[in-house]
Amino acid sequence: MDWTDDGEHADLRSGVRQICADFDGAYWRGLEPDAYPEAFIAALTRAGYLGALIPTEYGGGGASLTEASIILEEIAASGGNPSACHAQMYIMGTLLRHGSAEHKQRYLPAIAEGSLRLQAFGVTEPGAGSETTRISTRAERTPDGWIVNGQKIWTSRAMYSDLMLLLARTTPYDECAKPTEGLSVFLFDMRDAPGLTIKPIRTMMNHNTTEVFFDDVRLPHDALIGEEGRGFRYILDGMNAERILIASECIGDGRFLLERAVAYASGREVFGRAIGANQGVQFPLARAYAALRAADLVRFDAAARYDRGEACAAEANMAKLLASEASWAAANAALDTHGGFGFAVEYDIERKFRETRLYQVAPVNNNLILAYLGQHVLGLPKSY
Amino acid sequence: MKIAVCVKQVPDTWAEKRLRESDRRLDRESADGVLNELDEYAVEEALRLVEAHGGEVTIVSMGPERAAESVRKALSMGADAAIHVSDDGLAGSDALATSLVLARALDGRDFDVVIFGSESTDARMSVVPAMVAERLGWAMLTFAQKVDVDGTTVAIERAGDGETVSVRASMPVVLSVVEKINEPRYPSFKGIMAAKKKPVESLDIASLGLDAAAVGASGAWSEVADFAARPAKAAGTVVTDEGDGGAQVASYLVEQKLI
Ligand SMILES: Cc1cc2nc3c(=O)[nH]c(=O)nc-3n(C[C@H](O)[C@H](O)[C@H](O)COP(=O)(O)OP(=O)(O)OC[C@H]3O[C@@H](n4cnc5c(N)ncnc54)[C@H](O)[C@@H]3O)c2cc1C
């Protein structure tokens, strides 16, 4: 199974793989249920992979999105879990595009160098779910800055990040002409924010996700990124990159699962022959492989469009949809192939099975992607 | 300080290696090529020396086209430039011929220090560094586990069996290093991107002014006449301990002339 046939990126792939080789299945299993992969993140940061998307003038790697997506793909394909660091790659774009020169100078070099972590992205709220415009966390302007009250849920890595990118209402929903107005983006240092409470949520996989409570949290004036009231647009701007990166992680998960399954199916003999000789075992793997390769093509197409500065919302959404479904098909096929052993923790199949399942639900549910394609690409009537 | 590091692409250390029936040479196509692991320590040491004392690091490699991947890997760790000697006529070179080619590539470029890994994982002879030093007429410091540079003096701690020896020489000097010397860095993202743009000088037999008959298979002093696959592992001997286990083990070892 040769995935890495793109000669152009062979060095990058092998560079990432070299780091990942020092963090094997036992390392990732050892972190369960909820430890953060500190050593892995440190190695990745030191070698400049986490700051890859930061422009070189701020000390970053100046990577294209295609290159960044390959980094995350290879981490997943090695059996690692890139969710511990992917947010740093995709939310940084909001700061880059909409932050002031002063914001960028203050934060980007430190993020690139690894002394500051931007890993937390607070959008989702319990009362709003997928309908982001319904969030009710409120930021009010006062003479000495902003006062924030409300609650976020599923704010991943908040315990392991220094900074949080926050979406909050600055004008109440009912006072806005359109639901997408009146939302603003803030960037603040969680280490210095009295009134902020973070509570971990235990989940099916190791994701370090949390609930975050804001109780009269005071932020300085300049915590505001860009213009007040335009936050929803800013977040949407970053969505395409996020979807392409998530798709790439799914591709990596799928590669890992299929490689393991193919090796197992070729070696395990029952009824006097390799189980992989049975079409009942072989075909689901072949089908998952075809689905993954197809998703991979859409992902590279989306990434190339993004890197050329072209519109890519349809491709980015399709890449995420197709890749998350393909990796799940690979996960099911790999689990079936391994029989009882797939459920044994030490094979890493059940762990990847849990990890890759998330991406049909978060960061955006595949239903909403279908609704986007139906309405905005096919021109069908609005469904919600 | 101008440092050269000689590196070799070898078949993946963990891959099953095979000899080819046709020419009784290692089948390099059957396994992925990787940068010889010990050479990473040599590159790391060179980078540390120039970080501490200033200067530049040049990678020197003899190998087929695809060895360019390993050259780039060494460049992505941070070396400045490279020389890649590649020629179909070099295939089948033995250690003597390899040292001739490397010495010719290194000669006359004002290198102060040339660093080698102490062996390659495919041939494991450990003789090329000394042969190169001899051909260049430079001092040779082998199996270094620590290197210190003071002015034009290079001092090493040489790893031995159970003891270390301090050895010193004046530049220019050839060094070979062992694993204990450092922890090689990972190529960084920026290093990988930058490596694509670093200068790599391509040389061949003609541009080095070498006699084609002195290198490659025709110039080799040794030849593989025949080879056989390693015999399959025989079942071990199980000693059942019925009070005389120790004596049985001892007599087995005596039989094998091990004690
Ligand atoms: C492990 C994990 C980590 C996360 N990390 C973050 C994070 O770091 N930051 C952050 O802000 N958020 C994060 N999220 C939140 C995630 O983005 C949301 O869970 C997701 O957007 C869906 O919201 P919800 O859970 O409220 O589901 P709901 O919106 O309640 O949806 C429930 C179901 O209803 C369906 N549904 C809803 N509306 C429609 C419709 N109109 N048409 C068809 N179907 C519909 C959905 O598709 C889904 O199947 C994370 C979630 C998880 C589980």
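Visitor: Which residues are the closest to the ligand, and how many surround it?

Guide: A residue is near a molecule if its C-beta atom, placed from the backbone, lies within 6 Å of it. Here 23 residues surround the ligand, and the closest are Val123(A), Gly129(A), Ser130(A), Trp154(A) and Asn365(A). This is a predicted model, where local features need pLDDT of at least 70, side-chain atom pairs count only at pLDDT 80 or more, and totals for chains, interfaces and linings use all residues. Residues are numbered from 1 along each chain as its sequence is written, with chains lettered from A and ligands numbered from 1 in the order in which they are written.

Visitor: Which element gives the most to the shell around the ligand?

Guide: Helices (H or I, at least four residues) and strands (E, at least two) are DSSP runs, numbered from the N terminus. In this shell, α11(A) gives the most, three residues.

Visitor: What is the make-up of the shell by class?

Guide: Ala, Val, Leu, Ile, Met, Phe, Trp, Tyr, Cys and Pro count as nonpolar, Asp, Glu, Lys and Arg as charged, and the others, Gly among them, as polar. The shell around the ligand has eleven nonpolar, twelve polar and no charged residues.

Visitor: Why does the ligand lie between domain 2 and domain 3 of chain A?

Guide: Domain bounds come from an automatic or database domain assignment. The ligand lies between them because domain 2 (119-232) and domain 3 (233-377) of chain A both give residues to its shell. Their centres, taken over C-alpha atoms, are 31 Å apart.

Visitor: How many residues does the contact take from chain A and from chain B?

Guide: Two residues are in contact if their C-beta atoms, placed from the backbone, lie within 7 Å. Chain A gives twelve residues and chain B ten. Helix α1 (residues 10-20) of chain A supplies the largest share of chain A's side, five residues.
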